[in-house]
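Biologist: I would like to learn how to read the packing of helices and strands in a model of this kind. Could we go through it step by step?

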Amino acid sequence: MDGEGIFVVFEGGDGVGKSTQARLLADWLTAQGREVVLTYEPGDTAIGAVLRDLVLSHSWGDVSPRAEALMYAADKAQHLYQLVLPALHRGAVVISDRYVDSMLAYQGAGRVLEPERVEQIARWATEDLLPDLTVLLDLDPAKGVGGITDKDRVEGAGAEFHVRARRFFLDLAAADAEHYLVVPARTGIEEIAAQVRARIASLLSAPAGTVNP
Ligand SMILES: Nc1ncnc2c1ncn2[C@@H]1O[C@H](COP(=O)(O)OP(=O)(O)O)[C@@H](O)[C@H]1O
Ligand SMILES: [Mg+2]
């Protein structure tokens, strides 16, 4: 796709270092003179911020899993439309802290909705746009969420839920190794950043036509 930017996503559980690594990668690319759009899901649009509050707040009582899935999907649709696609069309590098895999992993881990149906909704919402690279920061959930005291609805879900979500993330990566980099999350911050940079560097030097020069 000539004239297109590249789309990089960081995935994994809470507290694995997604925001840390997304920021480091953004700084590195910016220093090279690239336009970088650093963003996140859910919530990084005006509509998305409202939806984020809807899906993560405790104050709504019992939320229908289908309603929850549709709110996540609506956030993604707006995010793609308003922010991700325009940036990619300008040739920017878009770095998103979470994307479709988080929806698949968390909705799938809930064991209420059929994963195939959730994926159909998520892909429809995102116009089937796949990241050029997804970095999965993998961590035993017992070592991640455990440290957070003020938990939102997702963080406060049971340990089993987070174990299943981790499995979903790993299975998604295993099914499409070419587009994933899986890194153990508690190795050194700089060590992880170097692995990410190496992979992005090879993406940026890919043959013309696949990635913007
Ligand atoms: N590789 C790492 N090793 C140890 N601590 C880390 C590492 N990466 C991030 N951290 C720390 O873990 C916490 C969560 O990191 P953060 O990037 O906010 O995670 P996430 O965005 O995935 O929730 C922060 O205090 C951060 O400094
Ligand atoms: Mg974060």
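Biologist: At what angle do helix 3 and helix 4 pack, and how far apart are their axes?

Modeller: Two packed helices are described by the angle between their axes and the distance between the axes. In this predicted model, helix 3 (residues 65-90) and helix 4 (residues 100-109) pack at about 175 degrees, with their axes 11 Å apart. Because angles over 145 degrees count as roughly antiparallel, helix 3 is roughly antiparallel to helix 4.

Biologist: Which residues make the contact?

Modeller: On the side of helix 3 they are Pro65, Glu68, Ala69, Tyr72, Ala73 and Lys76, while helix 4 contributes Val100, Met103 and Gln107. The residues of this contact divide into six nonpolar, one polar and two charged.

Biologist: Turning to the sheet, what is the order of its strands, and which of them stand at the edges?

Modeller: The sheet is open and has five strands in the order 2-3-1-4-5, with parallel pairing. Strand 2 (36-40) and strand 5 (180-184) each have a single partner strand, so one side of each is left without a neighbour in the sheet. From one strand to the next, the twist averages 15 degrees.

Biologist: How many bridges join strand 1 and strand 4?

Modeller: Strand 1 (residues 6-11) pairs with strand 4 (residues 133-138) in the parallel sense over four bridges, and Val8 stands opposite Leu133 in strand 4.

Biologist: Which strands does helix 3 lie across?

Modeller: Helix 3 lies across strand 1, strand 2 and strand 3 (93-97), and runs at about 160 degrees to strand 2.

Terms used: Residues numbered from 1 in each chain as written. Chains lettered and ligands numbered in written order. Predicted model: local features only at pLDDT ≥ 70, side-chain atom pairs only at ≥ 80, totals over all residues. Heavy atoms only, no water. Axes fitted to C-alpha atoms, helices over the stretch in contact; angles between N-to-C directions. Helix = DSSP H or I, 4+ residues; strand = E, 2+ residues; numbered from the N terminus. Parallel < 35°, antiparallel > 145°, perpendicular 65-115°, else oblique. Contact = heavy atoms within 4.5 Å. Nonpolar A, V, L, I, M, F, W, Y, C, P; charged D, E, K, R; others polar. Pairing = 2+ DSSP bridges.
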